[in-house]
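Here's a quick briefing to read with the model open beside you. Have a look at the fold first, then work through the points below.

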Amino acid sequence: MTAAERMRAYRKRKRDAGLKSVRHWEPAEGANARQYSDHRILDARSLAMHCKIAQKISRNLDLLDKAKANLERWSAKSEDPLPQYLCEWQEILERPWPDIAELITSMSEDATRLRSSSPFAGVLTADERNQIYAAFRA
């Protein structure tokens, strides 16, 4: 199942369960309402970006080298012992591409956590990133 098919199936399950699709954050009403970022939307945007990244790398596996180079650069700047997320990404990027693609487009808690420290910076163009950001501002 492709990342897009998994996302459509996920949305269908949510709709069938009667859940409402959240497209923007609305602050709670009242004097005691806290104003904070809605992490669900940020996580969804990150997932959308990684789905686009997976599509691009699937068409050109050489783009995977950008993630590996980013990880090397971060590891070189980091002091010993390496942070856990760098160790995790090093292990992940040694896997075959289909396994990596499945992980970065997964909706699991681990995948969501790892996307917050993703080494895939530079794979998407500025226009591609802006298109995704615009979709989540609507």
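Let's start with a pocket: H2 gives the largest share of the lining of the second largest pocket, six residues. This is a predicted model, so local features need pLDDT of at least 70 and side-chain atom pairs count only at pLDDT 80 or more, while totals for chains, interfaces and linings use all residues. Residues are numbered from 1 along each chain as its sequence is written, and side-chain values use heavy atoms, with hydrogens and water left out.

**The second largest pocket**

- A pocket here is an open set of points on a 1 Å grid over the protein atoms alone, where a 1.4 Å probe fits and there is protein on both sides within 12 Å along at least five of seven lines; lining residues have an atom within 4 Å of a point.
- The volume of the second largest pocket is about 240 Å³, taken as the space filled by probe spheres set on the points, with grid points joined across faces, edges and corners.
- Its lining has 15 residues, and Ser46, Met49, His50, Arg129 and Tyr133 are the ones nearest the centre.
- H2 and H7 each put at least two residues into that lining.
- By type, the lining splits into eight nonpolar, four polar and three charged residues (nonpolar: Ala, Val, Leu, Ile, Met, Phe, Trp, Tyr, Cys and Pro; charged: Asp, Glu, Lys and Arg; polar: the others, Gly among them).

**Overall fold**

- The protein chain has seven helices and zero strands (DSSP runs numbered from the N terminus: helices are H or I with at least four residues, strands are E with at least two).
- Of the chain's 138 residues, 30% count as buried (buried is under 20% relative accessible area, exposed is over 50%, and partly exposed is in between, with a 1.4 Å probe and protein chains only).
- Of the contacts in the chain with a separation of 6 or more, 67% are between residues 24 or more positions apart (a contact means heavy atoms within 4.5 Å).

**Salt bridges**

- The whole structure holds five salt bridges (a side-chain nitrogen of Lys or Arg within 4 Å of a carboxyl oxygen of Asp or Glu).
- One of them pairs Glu128 with Lys56, at 3.0 Å from N to O. Glu128 is in helix H7 (residues 126–137) and Lys56 in helix H2 (residues 39–59), so this pair ties together parts that are 72 residues apart in sequence.
- Both Glu128 and Lys56 are buried, and for Lys56 the relative accessible area is 14%.
- Arg113 and Glu88 make another salt bridge, with their closest N and O atoms 2.8 Å apart. Since Arg113 is in helix H6 (residues 109–115) and Glu88 in helix H4 (residues 84–92), the pair ties together parts that are 25 residues apart in sequence.
- Arg113 also bridges to Asp110, at 3.4 Å from N to O. These two both belong to helix H6, three residues apart, or about one turn of the helix.
- Shared partners join Glu88, Asp110 and Arg113 into one network. Glu88 is buried at 19% relative accessible area, while Arg113 at 38% and Asp110 at 45% are partly exposed.

**Nonpolar core**

- The largest nonpolar core has 23 residues, and Ile57, Trp89, Leu93, Trp97, Ile100, Ile104 and Phe120 have the most contacts inside it (a core is a set of buried Ala, Val, Leu, Ile, Met, Phe, Trp, Tyr and Cys residues joined through side-chain atoms within 4.5 Å).
- H2, helix H3 (64–77), H4, helix H5 (97–104) and H6 each supply at least two residues of this core, and H5 gives the largest share, five residues.
- Not counting residues up to four places away in sequence, Ile57 touches Leu63, Leu64, Trp97, Phe120 and Val123.

- The C-alpha atoms of Lys56 and Val123 are 7.8 Å apart, though 67 residues separate the two along the chain.
- Ser117 is in the loop between H6 and H7 and counts as buried at 16% relative accessibility. Leaving aside neighbours within four places in sequence, Ser117 contacts Trp74, Tyr85 and Trp89.
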